[in-house]
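Good morning, and thank you for coming. I would ask you to keep the structure in view while I go through its helices and cores.

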Amino acid sequence: MELEKLQLAVKAMNEVIEAILDEEKGCPWDKEQTPISLTEYTIEEMFEFVDAVRKNNSVEACEEMGDLIFGVMLIAKKYAQKNEFDFADALTKSVAKMKRRHPHVFSNDTYDTSKEALHQTWEKIKNQEKAEKGEQEGAFSSIPQALPALTRAYRIHAKAEKAGFTWDDDEDVERQVEAEWLELLDAKASGDQKQIEHELGDIIFSLTEMGRRLGVKANIAVDMTCNRFTERFAGMEKLAKERGLDFNTLSLDDKDELWNEVKANEK
């Protein structure tokens with residue numbers, strides 16, 4: 001029943017895409033788009049989907065997931081119009097890849113079942129695939145430069161560790177963060193804006209590695225912090241309005257009191 005439901009949904013979405021791209025009755029805007037022009041909208045949909053998931057809003061996540069898949073299928077249809085590939089081709093390739101990268105599941109081979117061993121197997125197979133394609137095999141070649149900076153930093157540190165180029169223990173990372181903080185203060189004292197930017201980047205990069213060793217992804221942690229801050233700030237504004245206060249004219253001390261009250265109410 002679940003497979004039948006999925007097949008009907010994909011068929012219905014494909015029919016919608018064919019309708020909006022129809023030569024006679026289709027949408028002029030959609031028809032003039034290209035795979036490249038549609039990428040920005042796909043990125044936006046991805047961030048909206050991720051935002052809904054991180055807010056634990058299943059209703060919104062369901063809607064945004066549908067929008068994201070619609071965008072991907074639309075791009076696939078654009079490629080199909082040029083006889084390059086279609087959505088089914090993409091799914092078929094992905095299925096084959098996932099089976100190849102999970103030999104411990106889809107073959108009779110036996111592997112160490114530890115998480116790290118499985119990850120190493122995954123990486124080994126990925127590198128073999130790249131070699132077969134003639135792609136560069138550098139330590140960081142698989143990391144897209146367009147990733148959000150904190151996600152990219154996390155991935156770089158993970159790859160550097162696999163290459164044996166990282167700090168020996170957590171205490172070394174902590175000392176590095178302290179050293180970067182002092183260098184940032186020196187840069188601030190010098191007034192050199194480019195050096196300040198350089199040192200700020202270094203300390204954030206080192207903090208990302210500290211988080212990674214603690215099992216925390218910096219990009220998610222900062223995103224959650226942003227959500228908490230904006231929600232608390234909205235709570236401050238709401239309290240001020242309920243009490244007939246002009247939030248913008250309140251002193252910092254008064255705003256701090258509202259902030260602490262909102263935090264206390266969370267508990």
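Let me begin with a definition: the expected span of a helix is 1.5 Å times one less than its number of residues. Helices here are DSSP runs (H or I, at least four residues), as strands are (E, at least two), and they are numbered from the N terminus. What you see is a predicted model, in which local features need pLDDT of at least 70 and side-chain atom pairs count only at pLDDT 80 or more, while totals for chains, interfaces and linings use all residues. Residues are numbered from 1 along each chain as its sequence is written, and side-chain values use heavy atoms, with hydrogens and water left out.

Now let us apply the definition. The 21 residues of H10 should span 30 Å at 1.5 Å a residue, and the end C-alpha atoms of H10 are 31 Å apart, which agrees. Helix H3, residues 35-54, has 20 residues and reaches 28 Å from its first C-alpha to its last, close to the 28 Å expected. After H3 comes Asn-56, whose phi is positive, near 60°.

Which residues of H3 are buried? They are Pro-35, Leu-38, Thr-42, Phe-49 and Ala-52. Buried means under 20% relative accessible area, exposed over 50%, and partly exposed in between, with a 1.4 Å probe and protein chains only. These buried residues of H3 pack against helix H2 (28-32) and helix H4 (58-81). Thr-42 counts as buried because its relative accessibility is 18%. Leaving aside neighbours within four places in sequence, Thr-42 is in contact (heavy atoms within 4.5 Å) with Leu-68, Val-72 and Ile-75.

In helix H4 we find Lys-78. With 5% relative accessibility, Lys-78 also counts as buried. Not counting residues up to four places away in sequence, Lys-78 touches Leu-21, Asp-30, Lys-31, Glu-32, Gln-33, Pro-35 and Leu-38. Lys-78 and Arg-212 are 134 residues apart in sequence and 39 Å apart in space, C-alpha to C-alpha.

Arg-212 brings us back to H10, where the buried residues include Ile-196, Glu-199, Ile-203 and Arg-212. What covers the buried residues of H10 includes H8, helix H9 (170-190) and H11.

Next, the packing of helix pairs. Two packed helices are described by the angle between their axes and the distance between the axes. Axes are lines fitted to C-alpha atoms, for helices over the stretch in contact, and angles run from 0 to 180 degrees between N-to-C directions. The axes of helix H8 (residues 149-162) and helix H10 (residues 193-213) come within 9 Å and cross at roughly 65°. The residues making this contact include Leu-150 and Ala-153 of H8, and Ile-204 and Phe-205 of H10.

The axes of H11 and H12 come within 9 Å and cross at roughly 115°. That makes H11 roughly perpendicular to H12 (65 to 115 degrees; under 35 is roughly parallel, over 145 roughly antiparallel, and the rest oblique).

Finally, the cores. A nonpolar core is a set of buried Ala, Val, Leu, Ile, Met, Phe, Trp, Tyr and Cys residues joined through side-chain atoms within 4.5 Å. The largest one has eight residues: Met-236, Leu-239, Ala-240, Phe-247, Leu-250, Leu-258, Trp-259 and Val-262. Helix H11 (218-242) and helix H12 (252-266) each supply at least two residues of this core. Apart from it lies another core, of seven residues, among them Ile-20, Leu-38, Leu-74 and Ile-75.
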